[in-house]
Amino acid sequence: MGGKISFPRIPISKDRVVVVTGGNTIPFLNILERNIVLLPEYTDDGNETMFQVNYLSQLLLTFHLLPVMKRSGDDSRVILVSSYGHNFHSTPFTVDKIQGKQHNAGNFPRFHYYGNSKLYQILQMYFMNRRLAESNVCVLSLHPGLVDTEVTRGFQDNSWMTWGWKIARVFSKSPAEGAECTLNAAINPALKGVRDVYYQDCKPKNTHDDARNKDIQESVLEYSLSRLNDFITDDIRNEWKTK
């Protein structure tokens, strides 16, 4: 198969995460603990937290792992675990909304920004597949379902969300059940060569129109590359620049 990959344990509040692939050490963005935040927060890299945690850091990791994946047989897959919540992103969507600088602690629409971060993952599926079409690597995205996790930890100040989740979790999946759709996308032999499909309950589902908008896809990629400038090589930058 490809090169060896290890994930060393490094404090994640301040230090940069390091990924080691095939003997090469890659400086990585800070990865923070939460994926929903209460207020506008920014990482040490200057990015809105959910933009970086839920999307940008994973995009960077994918960029650096792709050479290994391309050497790993004829069926390599990137699985992006998005969410039905992508439908509730900021609309109309424009790139200048990514960092949320127009908001403050009193009006930060945290659920919209969570939706934005999940929209980015689906956009990533499309712009990556366009560039990987002639390779052995396919990219899929999915919604794992309503899973009994700590999703409300970013809404602890919101009594409506807290009580709503107590009711909704009665109908939620266990973590093991929630993993089924992800595992199916990752290892089902019938999905070899399948691209640009978003799954829910292991079945293809439509995404929001904005997710399928090529102009939005390419504008988010271009902006992402600008934010990753210090973490990628010229070869990566040239391979993925907007076409």
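C202 sits in the loop between strand 6 and strand 7. Helices and strands here are DSSP runs, numbered from the N terminus; a helix is H or I with at least four residues, a strand is E with at least two. The model is predicted: local features need pLDDT of at least 70, side-chain atom pairs count only at pLDDT 80 or more, and totals for chains, interfaces and linings use all residues. Residues are numbered from 1 along each chain as its sequence is written, and side-chain values use heavy atoms, with hydrogens and water left out.

Phi of C202 is near 65°, a positive value in a residue other than glycine. D201 lies in this loop too, between strand 6 (198–200) and strand 7 (203–205). D201 is not a glycine either, yet its phi is positive, at about 55°. Most residues other than glycine have a negative phi, and most peptide bonds are trans. C202 is partly exposed, with a relative accessible area of 26%. D201 also counts as partly exposed, at 42%. (Buried means under 20% relative accessible area, exposed over 50%, and partly exposed in between, using a 1.4 Å probe and protein chains only.)

## A cis peptide bond

The peptide bond from T91 to P92 is cis, with omega near -10°. P92 is in the loop between strand 4 and helix 2.

## Overall layout

The protein chain has 7 helices and 7 strands. Along the sequence they follow the pattern β-β-β-α-β-α-β-α-α-α-β-β-α-α. The chain has 243 residues, and 45% of them are buried. Take the contacts (heavy atoms within 4.5 Å) with a separation of 6 or more: residues 24 or more positions apart account for 70% of them.

## Strands 4 and 5

Strand 4 (residues 76–81) pairs with strand 5 (residues 137–143) in the parallel sense, over 6 bridges. Pairing requires that DSSP finds at least two bridges between the strands. I79 stands opposite L140 in strand 5. From strand 4 the chain passes through helix 2 to strand 5, in a right-handed β-α-β crossover. Right-handed means that, with the strands pointing away from the viewer, the path from the first strand over the helix to the second runs clockwise.

## Helix 6

Helix 6 covers residues 214–227, which is 14 residues. The expected span is 1.5 Å times one less than the number of residues. For helix 6 that gives 20 Å, and its end C-alpha atoms are 20 Å apart, which agrees. At the start of the helix, a side-chain oxygen of N213 comes within 2.9 Å of the backbone nitrogen of D215.

I216, Q217, E218, V220, L221, S224 and L225 are buried in helix 6. Their cover includes helix 1 (49–70), helix 2 (110–132) and helix 7. An α-helix has 3.6 residues a turn, so residues three or four places apart point the same way.

E218 is a charged member of that buried set. Its relative accessible area is 8%. E218 joins R130 and R131 in a network of salt bridges. A salt bridge is a side-chain nitrogen of Lys or Arg within 4 Å of a carboxyl oxygen of Asp or Glu. The side chains of E218 and R131 also make a polar contact of 2.7 Å. (A polar contact is a pair of N or O atoms within 3.5 Å; within protein, one must be able to donate a hydrogen and the other to accept it, and residues adjacent in sequence count only if both atoms are side-chain atoms.)

## R237 in helix 7

R237 lies in helix 7. Its side chain meets that of D234 in a salt bridge, 2.4 Å from N to O. D234 is exposed, at 53% relative accessibility.

Leaving out residues up to four places away in sequence, R237 touches L225, N229 and I232. A polar atom of the R237 side chain lies 3.0 Å from the backbone oxygen of N229. R237 and E222 are 15 residues apart in sequence, with their C-alpha atoms 9.8 Å apart.

## Other salt bridges

The structure holds 7 salt bridges. One of them links R77 and D75, at 2.9 Å from N to O. R77 is buried, with a relative accessible area of 12%, whereas D75 is partly exposed at 27%. Another joins R212 to D209, where the closest N and O atoms are 2.5 Å apart. R212 is partly exposed at 40%, and D209 is exposed at 55%.
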